[in-house]
Every structure is written in structure tokens, then in C-alpha cells.
Amino acid sequence: MTTAIDPELRTKIDAAYRMEEEFTKLYNEKGTKKRHQMTRLYMDNGLLVWNGNGANGKDNIQKYFQELPRFEYIMNTLTI
């Protein structure tokens, strides 16, 4: 037996999905083509964890991305 999702909840889920898609697109673009602009996506006290390595603060995050070799990746997400 299946139950219908409340229309208000469906609207919120759809909005969250669209935001996630836009963020993923922006993050991929910055991470692969415009690394010098990555700090725009982080707060001053932001934390990055990448493959078990970490960087604290915008400046350290920027330095970390600048030192990474070129990469491509695929991000998979699950939505309702």
C-alpha cells in the first residue's frame, strides 16, 4: 500500500532538489575549472574534508584546492 505525499511537502522536496542540482553544478564548475574561486563557496571558518584530509578556513581551503592535481568526478544523489 502506498501513500501520497502531501502537496506542501512535495513542493519543499522539489525546491530542495533544485537547490541541490544548482549547488552541485556550481561546485563542479568551480572545482574543475575555476579553483581560484572556490573560497566563495565557503564561510570564513569553513571546514573541508577531502579523502580523509582536512583544511580549516577559507585561505587553507583555497590552498588545498590549488595544490590538487586536475580531476574529474561524478556526484550521485538520491531524491524522493
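Partly exposed residues are those whose relative accessible area lies between the buried range, under 20%, and the exposed range, over 50%. By this definition Asp14, with a relative accessibility of 30%, counts as partly exposed in the predicted model examined here. The side chain of Asp14 meets that of Arg10 in a salt bridge, with an N to O distance of 3.4 Å, and Arg10 is likewise partly exposed, its relative accessible area being 29%. Because Arg10 and Asp14 stand four residues apart in helix H1, about one helical turn separates them.

Helix H1, which spans residues 7-33, also holds Glu8 and Lys12, a pair that is again four residues apart and therefore separated by about one helical turn. These two residues form a salt bridge in which the closest N and O atoms are 3.7 Å apart. Glu8 counts as exposed at 52% relative accessibility, and Lys12, at 54%, counts as exposed as well.

A further salt bridge joins the side chains of Lys58 and Asp44, at 3.8 Å from N to O. Lys58 is partly exposed, at 27% relative accessibility, while Asp44 reaches 62% and counts as exposed. In total, the count comes to three salt bridges under the rule that a side-chain nitrogen of Lys or Arg be within 4 Å of a carboxyl oxygen of Asp or Glu.

Technical notes. Residues are numbered from 1 along each chain as its sequence is written. This is a predicted model: local features need pLDDT of at least 70, side-chain atom pairs count only at pLDDT 80 or more; totals for chains, interfaces and linings use all residues. Side-chain values use heavy atoms; hydrogens and water are left out. Helices (H or I, at least four residues) and strands (E, at least two) are DSSP runs, numbered from the N terminus. Buried means under 20% relative accessible area, exposed over 50%, partly exposed in between (1.4 Å probe, protein chains only).
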